[in-house]
Structure formats: C-alpha cells, structure tokens
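Colleague: I am new to this one. Could you walk me through how to read a few of its features?

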2 protein chains.
Amino acid sequence: MALFMLGKVQRAASLCRPHIRSCRAYRITPQLVDDLRTLVGDCNISTANAVREQHGRDESMHSCQPPDVVIWPQNVEQVSKVASLCYTHNIPIIPFGTGTGLEGGVSALKGGVCFDLTRMDKILNLNTDDFYVTVEPGVTRKTLNAYLRDSGLWFPVDPGADASLCGMVATSASGTNAVRYGTMRDNVINLEVVLPDGRVLCTAGKDRSFRKTSAGYNLTSLFVGSEGTLGIITKATLRLYGVPEATVAAVCAFPSVQAAVDSTVQILQCGIPIARIEFLDDVMINACNKYNDLGYPVLPTLFLEFHGSENGVNEQVQQAAEITQLNGGSDFTWATDQEQRNKLWTARHNAWYAALALRPGCRGYSTDVCVPISKLPQIIVETKEDLITSRLTGPIAGHVGDGNFHCIMVLDLNDKEEVRKVKEFTDRLAR
Amino acid sequence: MALFMLGKVQRAASLCRPHIRSCRAYRITPQLVDDLRTLVGDCNISTANAVREQHGRDESMHSCQPPDVVIWPQNVEQVSKVASLCYTHNIPIIPFGTGTGLEGGVSALKGGVCFDLTRMDKILNLNTDDFYVTVEPGVTRKTLNAYLRDSGLWFPVDPGADASLCGMVATSASGTNAVRYGTMRDNVINLEVVLPDGRVLCTAGKDRSFRKTSAGYNLTSLFVGSEGTLGIITKATLRLYGVPEATVAAVCAFPSVQAAVDSTVQILQCGIPIARIEFLDDVMINACNKYNDLGYPVLPTLFLEFHGSENGVNEQVQQAAEITQLNGGSDFTWATDQEQRNKLWTARHNAWYAALALRPGCRGYSTDVCVPISKLPQIIVETKEDLITSRLTGPIAGHVGDGNFHCIMVLDLNDKEEVRKVKEFTDRLAR
C-alpha cells in the first residue's frame, strides 16, 4: 500500500529514524536475542510471529511491517541499555505505545527491535498546587483522568482513542478540546528521553516543572511531534487544568455545510472561549446514528461544549446560539449531565469505527488536513462536492475550531478502480 | 564584570554561537569592509567607535563589548549574503534589535559583525480572519499594536520595553500578560531565519500560518529563546487576539508579602482567567511612587487586570476581590479607562528605571527567578528577609502569575564590599 503513504510513515521514513538513515546491513543473531533477554528478563521479550505482527501495525490501513523482536522494558535503565545495544549493532528501534495510531507510525519498515512500553505505567509526582503530573509511557489518557478524578484536576487533550500520553506527545496529538486547551505541544512541561545511543536526556532539565523557563534551547517542543524519530520518551511531565465548575454540551444541525462551518468561524472570531466545536457532515452523522443507535437529524452538524463558571457558560451559550441561529441552525439539543455528554462524545469518538461500519469488509484511510480557519468553509464545501462527483464514501469529521478536518475514506482494497480514485482524490485534497 | 555574568551572556557563550565555538583567528580587513559595503550599500555600514559602542551593550550593567562593524541590512537577501560572507571568513555575527535587553545578549564577546535590523521594519500579511500577522525584525511591539488599532486585534505579549518583536522571539520574552496569553513561545506561528552559513529557512514551511501543523519537527519552538545562537530571525508570523470587550485594572495593597503572593496563588488555582497579576514589594512601590509621582500606599501590592465580556469581567473581579479580602488585602483601587490603566502599567513598566533612581549613579542588575507557583510565597518571603539582613537595595517585582519574579539589585560598582555582597546574594538566590 505504498500508494497511500502520504501520512506520517512517509515523513518518518524521509526524516529518517537515526538508525534507518545510516542502516548498514544488520542481523538479529540468537546471541543478540539472548543479550536482550538478559537485559529485560525472560517474560519481557518475544520473537513469536503473532506478537511481532500485533506490533507491526496500528489501526490504520497501512500493511503490517513487523519488527524482528518485541521487548517490554520495565524502566528507563532497560530502555537505555537496549537502545545502546541496538545502536552498537545498527539495529532500528521502534517505540510502541497503545498501537491506536491512524498513520502507521509503528511500522517497522526495516525490522528491528520494538519497545512495547505498556509495562512502564506509573503515575508520578502529581502536584495539585502547581497543576502538573509526570507519567510513564504506559499510562493512557483515560487512566490518568481516572486517577485525577478526586483531585479536581484533569488533562484535557483528547484525540479520541485511549492513547498512551507519551505516544500523544510523540505524535503531537490534537483533539476535540484543542480549541480551548491547545494540543500536546502546549501542555508538555518536561520529557525524559532515551536518545538512539542510549543516553538519557531531560529536555527541560532534571526535575523542572516550571511554567516559564528561559534557560537553554527549547528541546521539549522539538521532541513533541518527532514521531519517535529522535528518541524514546520514557517520562512526560504534563500540565493539568482545574475541572470547570460547569460543563454543557449541545448539538446543532444546519441546512448546509457552509452554514455549519461559517458558524464555527464566527464563534471563534467573536472570541467565545468554547471548549470543543466539532463538525460532522451528513454522511458522518448517518454513520454515527447507525453505529451508536442514535437519532440525530441527518444534516451537517456541530457538536459543541462550553466550560466555565455557571454564569460564564450561560453567557457563552447565549452568544453561540445567536450566531448559529443567524446561520439557520436548529435549536440546541442539550447534554448537561455527565452521562448524556459521554454518550454524545462517544458518538464523536467512535466516528472512525462508525465510518468503517458503513461498508463492512472495507478498510479506512484517514486524511488529515489543516488550513487557516477562514479557508475552512470553502475547502470543506469543495471537498464534499469532490467526494460526491467521484462517488467515494468519505464521511467528514473535523476539529474545526483548530482549522483541522479529517475525511475518512472507506474503500475496498480489492477494487483497483476505487483505490485509484481514492488516491487521486487525496492528491487533490493535499494540494 | 565577569563576576555577574550569571544570565544569558554566560549561557550564550557556553552554548556557543556557531561561529564562536570553532572560532579560529579572524581579521576584519579593509577589503572585507569594502565587500560588506558593496553588499549593504554605503549608508548602511559603520565602523565608527560611537556606533560600535552603542551596539555593544543593552540596558543591563554588563560592560560594553563592541562589535567590529555594524551593518543595517535592508532585506533578507542582504542578511543572507553577509552571513555567508562572515561564515567563509570565520567572523562572529550578532543580531541587534532595539538593544532593550537586560541580560547582555547583544555583547559582541569576540567582536564581529553586528546586524542592526531596525531598517527592516515592514508589517506584512495582516490576516484579520485567521488572527495572524507577519513582521520584519525592525517592528516593535508598540508599533505593531498601533498598526492594529482599528482592526479589533492586538498582540498581547508585553515585556515592558518597546522591544522588537523578533528580539522578543529570540529571547522568548514573557511579560505581564503571560498568565492569560502565554509567552512568545505560545504565540509564534512561523519564522523566517537566516542560518549562520546564509541559508534561509522557514521553520514551519513557506507561507504556513495554520494553528495546527503536524508535519516535520517543531523548529519554530527551537528558535524561540535561542538567543541569536542558531540564526538571525528575519520574519516572524505571530498570533493575534481579539481586543477584549471590557478591560478593568485594579491595585490592591496587602499587610505582608505572604498575603499578596498567597492571594495570587489562590486566584490562579481557582481558575480565574486573569489577564495580568503583578507583584511589587514595598521598596518597589516606593520607587515607583517617587519616579512616577504616584501615591500608592508603601506596602506589598498587586496590580491586576481583567479581560473579557462585561459580565465575565464583573464575575472575575468579584471572585478575585473575595480572595484578596480573605488575605487582608485593601479594597481595589480602580483603573477602568484607558488613560488610568496606561498610567498604572507605565508605573509597572518603568520599574527598572524607578529602581535605578533610588540611588543615582548606581547601576542595576536584574535577577530572573522562575519557580513553581506554589513555592512563590516562601521564596519571595525568604528573598526579602535575605535582602534586609544583607542591607542591600533590591526592590522586587514579579510576573507572579507565571511563577516568575525579578529582584532588581541597585549597586555602586565602585564599592567592592557591596559588589561582593550582591554576588553572594545572587548565588544564594540562584540556589
């Protein structure tokens, strides 16, 4: 499926994992596997086919590229020692979190040793005064928020999947809350990283957790979004937020894509501090209705969420409602209690699976387009028209507040004509 | 004054400007000056002593380290060509903005060519839909905001001085608004940079101005705060904000340092989206009163500013007032109209000059301490006690919302005993 490697795999390959670039021929000898076993322990290494294949792909359509060996390090010392050993023998190393990526970042393009980091899963140094916490790479987003439940704090970045937080750092994850709380880029304070040769680096200095620092280069941001190409993240110190006093979610349907996206742009330009604003087109809403057994009108739709004080939220809702009504939007359907809100956002989060369920047996390929917010209406309208003309199944969902939307292509890989059409479509979209 | 090079000069030197590290002996020959003159034009080059000395220091107490030549490039092509020429001849290059720094970043430690960028002063690509603008390095903070006045937008980062925006990028400037709008780090979208060898790089790609991007390494953040050591910034694309509907500033005096700083921590922990919160101790208030002819009570004081909708601001003010009263703070003294607010913040911004005016003929040395916010009260109280015990003049002012405070040491450089005591004090503070 090299055809479709428009995403991060291709970038990662062209940026070159340090080991791939200069990759001389290497061999994983029985001796080397023994050395690895000595380093991580008998129960923390596998060369079984099933395990390797499980670690050679994520949830995307990219074909499986299994590593030669999978290890489960227990601590940073082991990560460092294994990295150093691989460095000496010119063996590629690939960090692996939850495997929930959608862009093939875990593919072991040239084989090598996969570091499954799920067994390093401690939550360290929760500081409720200064609003930060440190997590090991096995800690997922949902695990952290469950742990924080009684502290009055939460970590807002939410890409949908229950991804590992360090994986979210590596991929610079965005998500539904980005419009208010930013992406991972804005919420990482410090990282402990094992460099390709095994050296351990703290990007902001050891034990630093200050909001401002001006000493030295900003290495933290360099590692955020580096997709595992610069080193293996073994600890992340993250910024936390106070749980808002009031949270209200609403759903609003529109007569056209243009009206929905125009509303988004106007809400943002008015400076309403909205927490989430997500666009789903009619095809996507239809898929979500079917998959989640819901009954939203099959129209271009916005999912919105407001955070703040009681009064603050009321004011935000009122301002947003004025804008959506001017654009012909329906009255808001409310979700005020936690359960209703969960149902709503679960529907949004399941969009990927809902899209796939439209055509059982087909595979999905997600495009990821970022544009200036003012250009969004035009581009989404054009994309939609293109999909209809090309007779392709591509529901659209977007973190529109961030100028970002996904077109989820659902296609039959055995249908060569369809594969060609999707390729042409994604090329047009990228342009 | 090598004694006091605790700040950025020392760091810059140890990180090494690319040319300084490998600096073989170089000579600025008449031929080279002629070559430079050909590149930038007759009116844009000087080797006059007065000009060189003016470019060898900023507003700090660091002694003057003049460059050999000063040039005023007119465009990025000239910057690139001169950089390339210097690279070939192993000559250090030093970018120069407004010279308003307080940490000696412009000192030409080994001589070389100083690039005075004030004549590249165009404002480009103001986009009022997507809230960004591109500026050349000669554009200052105040010039940009004057330019934006009728657009309903503004650029909030405000370190006090009317610094050049690209200089603020290079030094990762913070300031009074950081608690709400972040520092430069959070507000730079793209940079055009001339690398030491003359190559021109756009850190986020050419013409990129999206809020989210996940392609390639985050080079923008690497250059923010790089202090001119990685290249010369020739264009910066900055994020803008809508001018808030309502703005209210207030002043509140406290019986003790502890009470003032505790109030700050509590206001932040309650999640009140305050725009500015600045601490000034009694010595600083006294200096500001004298310098600006004001009559604030000589007590530990907070300057606060609230931005938002009319209702939103009222709610914030009410919540903040409850907290300050619980800590024994005075009633708020209000500054609602623009003129009063300007007077208030001018007093804060002039703190440096006000401090120097306490002891005419003396020089100032500013420490810059960043700590976790929860540790602020204890550290400021201890610092204050230390100053009194050591009998030193060191008014304290701080962007306390950001965990950041400055202790402005005013000292007589001819008094060896005092210089020694200040050195010992700053060493203790740094620890």
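Modeller: Gladly! Let us begin with a term: a salt bridge is a side-chain nitrogen of Lys or Arg within 4 Å of a carboxyl oxygen of Asp or Glu. Please keep in mind that this is a predicted model.

Colleague: Thanks. What is the idea behind such pairs, and which residue forms a salt bridge with Lys384(A)?

Modeller: Side chains of opposite charge can pair when their charged atoms come close. Here, Lys384(A) pairs with Asp281(A), and their closest N and O atoms are 2.8 Å apart. Over all chains, the rule gives 33 salt bridges.

Colleague: Now the aromatic rings, please. How many aromatic pairs are there over all chains?

Modeller: A pair of aromatic rings is described by the distance of the centres and the angle of the planes. The structure has 10 aromatic pairs over all chains. Take Trp154(A) and Tyr181(A): their ring centres are 5.4 Å apart and the planes stand at 85 degrees, so this pair is edge-to-face. Trp154(A) sits in strand 7 (residues 153–154) of chain A and Tyr181(A) in helix 8 (residues 178–181) of chain A, and the two are 27 residues apart.

Colleague: And what domains does the assignment give for chain A?

Modeller: The assignment gives domain 1 (2–116), domain 2 (123–242) and domain 3 (246–430). Where domain 1 of chain A meets domain 2 of chain A, 19 residues of domain 1 and 18 residues of domain 2 take part in the contact.

Colleague: How much area do domain 1 and domain 2 of chain A bury between them?

Modeller: About 1,500 Å², with 70% of it on carbon and sulfur atoms. Between these two domains of chain A, the rule finds zero salt bridges, and one residue pair is in polar contact.

Colleague: Which helix of chain A gives the most to the domain 1 side?

Modeller: Helix 5 of chain A, with six residues touching domain 2 of chain A. By class, that side of domain 1 has 10 nonpolar, six polar and three charged residues.

Notes. Residues are numbered from 1 along each chain as its sequence is written. Chains are lettered from A and ligands numbered from 1 in the order in which they are written. This is a predicted model: local features need pLDDT of at least 70, side-chain atom pairs count only at pLDDT 80 or more; totals for chains, interfaces and linings use all residues. Side-chain values use heavy atoms; hydrogens and water are left out. Domain bounds come from an automatic or database domain assignment. Contact means heavy atoms within 4.5 Å. Buried area is the accessible area (1.4 Å probe) that two parts lose on being put together, summed over both. A polar contact is a pair of N or O atoms within 3.5 Å; within protein, one must be able to donate a hydrogen and the other to accept it, and residues adjacent in sequence count only if both atoms are side-chain atoms. Helices (H or I, at least four residues) and strands (E, at least two) are DSSP runs, numbered from the N terminus. Ala, Val, Leu, Ile, Met, Phe, Trp, Tyr, Cys and Pro count as nonpolar, Asp, Glu, Lys and Arg as charged, and the others, Gly among them, as polar. Rings of Phe, Tyr and Trp (its six-membered ring) pair if their centres lie within 6.5 Å; planes under 30 degrees apart count as stacked, over 60 as edge-to-face and the rest as tilted.
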